[in-house]
Amino acid sequence: MSTPSPNVLPLLRTDGARLWNDLMTLGAIAATPAGGSFRPTATDGDRDARNLFALWARDAGLSVIVDGVGNMFARREGTDPDLPPVLAGSHLDTQMPGGKFDGPLGVLAALEAVRTIERAGIRTRRAIEVVNWTNEEGARFAPGLLGSAAFADRLALDTALQSRDRGGVVLGEELSRIGYRGPAPVGGRPVDSYLELHIEQGPALEQAGITIGAVTHAQHFGAALVTFTGANSHAHTTAMARRCNALAGAARCVVEIESIGEALEPHGRVGAATLDVWPNNRVIVPHRAEVGFLIVHAELAGRDAALDAIAAAACRIAANLGLTAEMTRSIPRDGFEFPADMVALTEQAAADLGYPSLRLPTWTGHDALSMHYACPTALVFVPCRDGWSHSEREWCAPEHATAGADVLANMILRRANR
Ligand SMILES: [Zn+2]
């Protein structure tokens, strides 16, 4: 083992076949018939994926630490214990169903990067920690980016642990059940930097024929719930003119949000995604209906104007149907720029390896968006087929997974030897 001078760091190449085997093996846990995975946070599938990751990490000589919200840190010590560590990873939870790559690629590529550094016989000055963040997807428990947000002090630990799924099950109790409510404190320690590799989840890289995306900034995100309130009554006997059907209002609102979204393209996107109806019983005219949606826009003013337009449309629809409407906006997640030197680190690593790179924004949330508030952060994209994600159709070509892992490994090495 040797500690190379930062000026003469070797160029690392990961074992792409090993990474691919790991991706396919992990993806077989809670696999779905159409080729995806179904591992919402703190389910048995999530537990099994965590166990396998811990097994592989220990096999690579790393020590595995679990914090109080289930975040996992697989640590390789550095030569200088006083220096904060470099963190690299992503998440192992999936949508319901999701694909094999959204999240696992970032965790397993970081693990393969550390194995590669070990095989090269290099001791780094800083420790390196491969991270699996809890509940990035927000599929079973809200909000998404939960574990990284708690680590970065963007979300109170109690709020995170008290989050309930639609069946009323509490996250903190589920983490205990699967054995992943760990003893380590959540955050509160210095971190040198955070590096995350992820599939792009959009078509830009594939269309450009470019392998590596250096993410420069995050777009402006928001979310809201529109609640229509009417009055319940018998579904057989209430004359059509006398009904106050909250669901009918919600349905018109869904259509309106869709057309507002179509008008935003290509600068922004919004479309209704959830619908809850009370009492959701065929013999009763519904008295309450809630439409939920996410919005993303390249401009802050554009996002806010679209939210205002949806609120106005909801009030107009409600007035026409004898209902009331109220729109509750969740705390917005405004866009930001990643540090220029972290973007440059991505581009340099790609160039050193001979991979072309493209600067692009992220149109969706990642743990890197939480960690940006805790330390210098880089987000690296590789293409995914036809841009599909949050889908069993999601696919990342093996050579792109390898290229991303190679770039990540060299970025980790450079940060860890600072
Ligand atoms: Zn993801």
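Start with the open sheet: select its 4 strands, and you'll meet them in the order S9-S11-S7-S12, with antiparallel pairing (strands are DSSP runs of E, at least two residues, and helices runs of H or I, at least four, numbered from the N terminus; two strands pair if DSSP finds at least two bridges between them). Now colour S9 (268-278) and S12 (324-329): these stand at the edges with a single partner strand each, so one side of each has no neighbour in the sheet. From one strand to the next, the twist averages 20°.

A quick note before moving on: this is a predicted model, where local features need pLDDT of at least 70, side-chain atom pairs count only at pLDDT 80 or more, and totals for chains, interfaces and linings use all residues. Residues are numbered from 1 along each chain as its sequence is written.

Next, pick S7 (residues 220-229) and S11 (residues 288-297), which pair in the antiparallel sense over 10 bridges. Click on leucine 225 and you'll find glycine 292 of S11 opposite.

Which strands does helix H8 touch? Select residues 246-264: H8 packs on the sheet, touching S7, S9, S11 and S12 (contact puts C-beta atoms, placed from the backbone, within 7 Å). Its direction makes about 170° with that of S9 (axes are lines fitted to C-alpha atoms, for helices over the stretch in contact, and angles run from 0 to 180 degrees between N-to-C directions).

Last stop: H3, residues 104-119. Of its 16 residues, 14 are buried, so H3 is largely enclosed by the rest of the structure (buried means 20 or more other C-beta atoms, placed from the backbone, within 10 Å of a residue's own). After H3 comes glycine 121, with a positive phi near 70°.

Note on methods:
The expected span of a helix is 1.5 Å times one less than its number of residues. A residue is buried if 20 or more other C-beta atoms lie within 10 Å of its own, exposed if 12 or fewer, and partly exposed in between; C-beta atoms are placed from the backbone. Two residues are in contact if their C-beta atoms, placed from the backbone, lie within 7 Å.
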